[in-house]
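Me: I would like to learn how to read the features of a structure one at a time, with the general idea before the particular case. Could we begin with a single residue and its surroundings?

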Amino acid sequence: MKVAIVSGSVYGTAEEVARHAERQLKVAGLEAWYKAHVSLDELLAFAPDALLAVTATTGMGELPDNLLPLYSELRDRLPAWSGKPAAVLALGDSSYDSFCGGGELIRELYAELGLREVVEMLRLDSSETVTPETDAEPWLEAFAAALKG
């Protein structure tokens with residue numbers, strides 16, 4: 001199964017988590033692919049069977065600037081991905097009212113695209129973790145198992 005990983009990052013943490021997810025999903029036997037700042041055309045050329053979004057939240061619950069072009073393209077072009085499995089790994093800070101708001105925006109986009117979330121969105125709190133890559137590992141294992149099952 002081909003899994004495309006996209007990320008939205010402010011300070012680079014989400015990109016690091018996405019790279020770690022790519023390695024872990026490959027170890028699990030999946031064809032994982034990650035490219036920072038990916039365009040929709042590049043994503044479509046990979047022809048994913050599943051999608052994983054790793055995103056931080058910025059401002060008042062918005063997506064990071066580097067993910068906005070892809071997000072807008074997806075909303076404008078609505079690729080035929082209905083029924084494909086997907087998941088969201090959200091990074092945030094629970095001291096803000098908009099905790100993991102970027103992840104919630106991706107979940108709404110998934111609904112518009114007809115993607116089905118195969119595991120519940122993971123919310124990693126920066127006020128509680130210093131190793132989000134490691135903290136995400138059990139959830140990534142569950143995601144891989146859901147894709148393979």
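Me: Which residues does Thr55 touch, not counting residues up to four places away in sequence?

Reply: In this model, which is predicted, Thr55 touches Gly8, Ala14, Leu63, Pro64, Leu67, Leu89, Ala90, Leu91, Gly102, Gly103 and Ile106, once residues up to four places away in sequence are not counted. Thr55 itself lies in strand β3, which covers residues 50–55.

Me: Is Thr55 buried or exposed?

Reply: The relative accessibility of Thr55 is 0%, and Thr55 therefore counts as buried.

Me: How should I read the packing of two helices, and at what angle do α1 and α5 pack?

Reply: Two packed helices are described by the angle between their axes together with the distance between those axes. Here helix α1 (residues 13–27) and helix α5 (residues 132–148) pack at an angle of about 45°, and their axes are 10 Å apart. The two helices are therefore oblique to each other, and their crossing is right-handed. On the α1 side the contact is made by Thr13, Glu16, Val17, His20, Ala21, Gln24 and Leu25, while α5 contributes Pro132, Glu133, Glu137, Leu140, Glu141, Phe143 and Ala144. Sorted by class, this contact has seven nonpolar, three polar and four charged residues.

Me: How do α3 and α4 cross, and which residues of α3 and α4 meet?

Reply: The axes of helix α3 (residues 68–77) and helix α4 (residues 101–113) come within 10 Å and cross at roughly 25°. Angles under 35 degrees count as roughly parallel, and α3 and α4 are therefore roughly parallel to each other, with a crossing that is left-handed. Tyr71, Leu74 and Arg75 in α3 meet Leu105, Ile106, Leu109, Glu112 and Leu113 in α4. By class, the contact of α3 with α4 has six nonpolar residues, no polar ones and two charged ones.

Me: How are aromatic pairs read, and how many aromatic pairs are counted?

Reply: A pair of aromatic rings is described by the distance of the centres and the angle of the planes. The count comes to two aromatic pairs. Trp33 and Phe46 form a stacked pair, at 4.8 Å centre to centre and with 20° between the planes. This pair links distant parts of the chain, with Trp33 in strand β2 (residues 31–34) and Phe46 in helix α2 (residues 40–46), 13 residues apart. Trp33, at 22% relative accessibility, counts as partly exposed, whereas Phe46 is buried, with a relative accessible area of 11%. Trp139 and Phe143 form a pair that is also stacked, at 6.0 Å centre to centre and with 10° between the planes. Both of these residues lie in helix α5, four residues apart, about one turn of the helix, and both Trp139 and Phe143 are buried.

Me: What should I look for in the backbone, and what is the phi of Leu78 and of Cys100?

Reply: Most residues other than glycine have a negative phi. Leu78 has a positive phi of about 40° although it is not a glycine, and Cys100 likewise has a positive phi, near 60°. Leu78 is found in the loop between α3 and β4, where, at 44% relative accessibility, Leu78 counts as partly exposed. Cys100 lies in the loop between β4 and α4 and is buried, with a relative accessible area of 0%.

Me: Where is Phe99 found, and with which residues is Phe99 in contact?

Reply: Phe99 is found in the loop between β4 (85–92) and α4, and at 27% relative accessibility Phe99 counts as partly exposed. Leaving aside neighbours within four places in sequence, Phe99 is in contact with Gly92, Asp93, Ser94, Arg123, Leu124 and Asp125. The C-alpha atoms of Phe99 and Thr58 are separated by 9.4 Å, with the two residues 41 residues apart along the chain.

Conventions
Residues are numbered from 1 along each chain as its sequence is written. This is a predicted model: local features need pLDDT of at least 70, side-chain atom pairs count only at pLDDT 80 or more; totals for chains, interfaces and linings use all residues. Side-chain values use heavy atoms; hydrogens and water are left out. Axes are lines fitted to C-alpha atoms, for helices over the stretch in contact, and angles run from 0 to 180 degrees between N-to-C directions. Angles under 35 degrees count as roughly parallel, over 145 as roughly antiparallel, 65 to 115 as roughly perpendicular and the rest as oblique. A crossing is left-handed if the near helix is turned anticlockwise from the far one by less than a right angle, and right-handed if clockwise. Contact means heavy atoms within 4.5 Å. Ala, Val, Leu, Ile, Met, Phe, Trp, Tyr, Cys and Pro count as nonpolar, Asp, Glu, Lys and Arg as charged, and the others, Gly among them, as polar. Rings of Phe, Tyr and Trp (its six-membered ring) pair if their centres lie within 6.5 Å; planes under 30 degrees apart count as stacked, over 60 as edge-to-face and the rest as tilted. Buried means under 20% relative accessible area, exposed over 50%, partly exposed in between (1.4 Å probe, protein chains only).
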